[in-house]
Amino acid sequence: MTVRVVDGGFLTTVQDLGRWGFQKDGVSVSGVMDAFASRIANFLVGNEGDEATLEITMVGPTLHFAIETIVAVCGGDFFCTLNEQPVSLWRPIRIHAGDVLKIGACRQGYRGYIAVAGGWQVPLVMNSRSTDRKAAIGGYNGRPLEKGDEFFLPDVVDLPSLNWGIPYWAQSYIKGKQKTVRVVEGPEYAMFTPESKEQFFSSMYEVTTSSDRMGYRLYGKKLETCNAREMVSEAVTFGTIQVPPSGQPIVLMADRQTTGGYPRIAQVVAVDLPTLAQARPGQYIQFQRTTWREAERLYVQREHDMRRWKMMIRNKWREARGAD
Amino acid sequence: MIFPLSEYALTVRFSDEMNEEVNDNAHQFARWLEKQSIKGIVEVVPTFSSVTIYYDPLVLGTYEQVRNQTKRWLEQMEETIQPKARTIVIPVCYGGEFGPDLPEVARYHGISEEEVVRLHAEARYKVYMIGFAPGFAYLGGLPLELATPRRATPRRVVPAGSVGIAGGQTGIYPLATPGGWQIIGRTPLSLFRPTHRQPSLLCAGDIVRFRPMTEKEYRMWKNDDGSCR
């Protein structure tokens with residue numbers, strides 16, 4: 001049985017937590033931009049968290065379901081209807097055969113994630129279902145979803161009725177036109193002039209329209225290095241902030257290349273990457289300095305929190321089943 | 001020098017400079033680490049003069065702990081004998097429709113097309129690193145006599161397998177992409193094989209040699225699966 005794409009939306013791709021293990025082959029990691037929202041969406045439909053979701057951008061797709069299942073939409077504040085009746089985000093949604101889920105414009109934030117029970121089924125390519133548009137591999141034939149595309153998914157029957165969702169406070173990172181993002185000094189931080197170091201933390205940087213899944217190109221006070229030391233390309237990762245000769249920083253995102261040769265002024269702490277992923281062109285980023293020790297503590301804390309969310313949602317499911 | 005790249009990655013830089021020996025150290029460490037199959041290591045990425053280790057902090061611990069562990073790994077590796085580098089021969093059909101810029105490269109240097117091919121195919125190249133694109137190898141060892149500036153106007157599409165020269169570098173396009181390199185030939189081999197256990201044909205540290213082939217051989221080869229191992 002199938003789920004048919006009636007409208008692909010602005011940019012909808014299949015993504016999981018990334019194609020790790022092949023960076024030595026020059027293959028980008030890709031994967032979801034906002035791992036928090038994608039994992040929570042998966043938990044809400046009873047998944048483990050690392051299954052593939054549909055990453056939607058700005059305006060979402062319209063999907064026709066010929067199956068019984070359960071879905072959840074998390075992330076940016078998208079206007080969302082089921083058979084033309086508004087439905088809420090951040091909670092499980094029962095789907096009956098014949099239902100049409102339409103995801104409209106995003107009012108706050110930028111990206112959302114549609115999870116389905118069991119995960120979106122596309123072939124694994126190099127151990128991942130993530131779409132890599134540059135290499136044209138993974139996801140749905142290596143490209144964004146288009147009208148007429150079909151997914152084959154199993155029916156998930158015997159579902160209890162549900163009346164619960166993720167509390168409001170956990171979604172607060174989506175909101176705001178100015179976003180504070182914590183960073184740690186990068187490997188080449190010392191190469192920058194004292195004025196540039198100061199400006200990097202004291203001034204705001206605008207997300208420009210040439211930002212995409214590969215990188216966020218920011219615009220603000222020009223950043224300069226003291227000595228133009230020739231750099232040898234080295235590994236870069238999600239959240240690495242490079243400064244090319246233009247002096248305008250680029251934050252590397254999910255579809256980044258594996259290596260880079262520009263000075264790295266800073267590294268975005270992993271737990272703040274979802275905040276950045278939800279910033280849209282025209283919005284402003286304020287970088288705030290922190291330490292590696294703190295970044296590591298936040299990382300471990302976030303993983304413990306994710307385990308708690310998973311347990312809590314599992315219990316909700318158990319209760320709902322018992323009550324039915 | 002060891003430094004953190006993120007909460008889940010650290011880089012071991014063998015030197016700020018890049019030379020053959022430093023590059024060898026980086027590849028050897030990366031290969032040795034991979035062979036150990038250490039639980040908690042997600043992947044190992046060698047570059048020109050460094051190795052980045054991606055790890056799971058919930059398994060291997062904090063940066064401090066992983067850094068100390070890395071120092072022990074470096075010591076352990078030194079006690080083991082390193083395997084010799086692999087040599088990979090890449091057949092190339094030079095000139096003609098596959099190498100449209102061969103005449104230009106020859107003219108630029110004031111030598112014959114045959115001489116360009118001879119120089120290019122006689123040299124021994126080393127894969128300094130893989131990066132930029134899936135399966136793209138940064139090769140060292142292009143004879144100085146062949147260094148040629150990029151084309152004034154880049155091509156909208158350069159077919160996969162194209163062998164080109166840009167400045168002092170030579171390389172092979174793994175995927176069809178736009179590009180400004182001087183294209184002197186094409187190989188029937190697939191440099192990037194997504195369904196393969198080892199998707200990139202070339203690995204950091206490999207030795208590469210080019211072997212001229214005729215257009216007829218190229219066409220016959222193209223019917224095979226493109227694998228040369």
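## Contacts along chain A

In this predicted model, 77% of the contacts in chain A between residues at least 6 apart in sequence join residues at least 24 apart. Two residues are in contact if their C-beta atoms, placed from the backbone, lie within 7 Å.

Residues are numbered from 1 along each chain as its sequence is written, while chains are lettered from A and ligands numbered from 1 in the order in which they are written. Local features need pLDDT of at least 70 and side-chain atom pairs count only at pLDDT 80 or more, whereas totals for chains, interfaces and linings use all residues.

## Overall form of chain A

Chain A contains four helices and 20 strands; helices (H or I, at least four residues) and strands (E, at least two) are DSSP runs, numbered from the N terminus. The radius of gyration of chain A, taken over C-alpha atoms, is 20 Å, close to the 20 Å given by the globule rule for 324 residues, so chain A is as compact as a globular protein of that length. The globule rule is 2.2 Å times the number of residues to the power 0.38.

Along the principal axes, the C-alpha atoms of chain A fill a box of roughly 65 × 35 × 30 Å. Of the 324 residues in chain A, 49% are buried, that is, with 20 or more other C-beta atoms within 10 Å of their own C-beta atom, these atoms being placed from the backbone.

## Nonpolar cores

A nonpolar core is a set of buried Ala, Val, Leu, Ile, Met, Phe, Trp, Tyr and Cys residues joined through C-beta atoms within 7 Å. The largest has 138 residues, and A:Ala41 and A:Val71 have the most contacts inside it. Helix H1 (residues 35-44) of chain A gives the most to this core, namely seven residues.

Leaving aside neighbours within four places in sequence, A:Val71 is in contact with residues including A:Val45, A:Ile93, A:Leu101 and A:Val116. Another core, of six residues, lies apart from the largest one and includes A:Phe22 and A:Ile137.

## Where chain A meets chain B

In chain A, 30 residues are in contact with 34 residues of chain B. Strand S15 (234-235) and helix H4 (292-323) of chain A are the elements that give two or more residues to this side of chain A. Its largest share, six residues, comes from H4(A).

## Domains of chain B

An automatic or database domain assignment supplies the domain bounds: chain B is divided into domain 1 (2-78) and domain 2 (87-222). Taken over C-alpha atoms, the centres of domain 1 and domain 2 of chain B are separated by 30 Å. Six residues of domain 1 of chain B are in contact with five residues of domain 2 of chain B.

How values were computed:
Buried ≥ 20, exposed ≤ 12 C-beta atoms within 10 Å, placed from the backbone.
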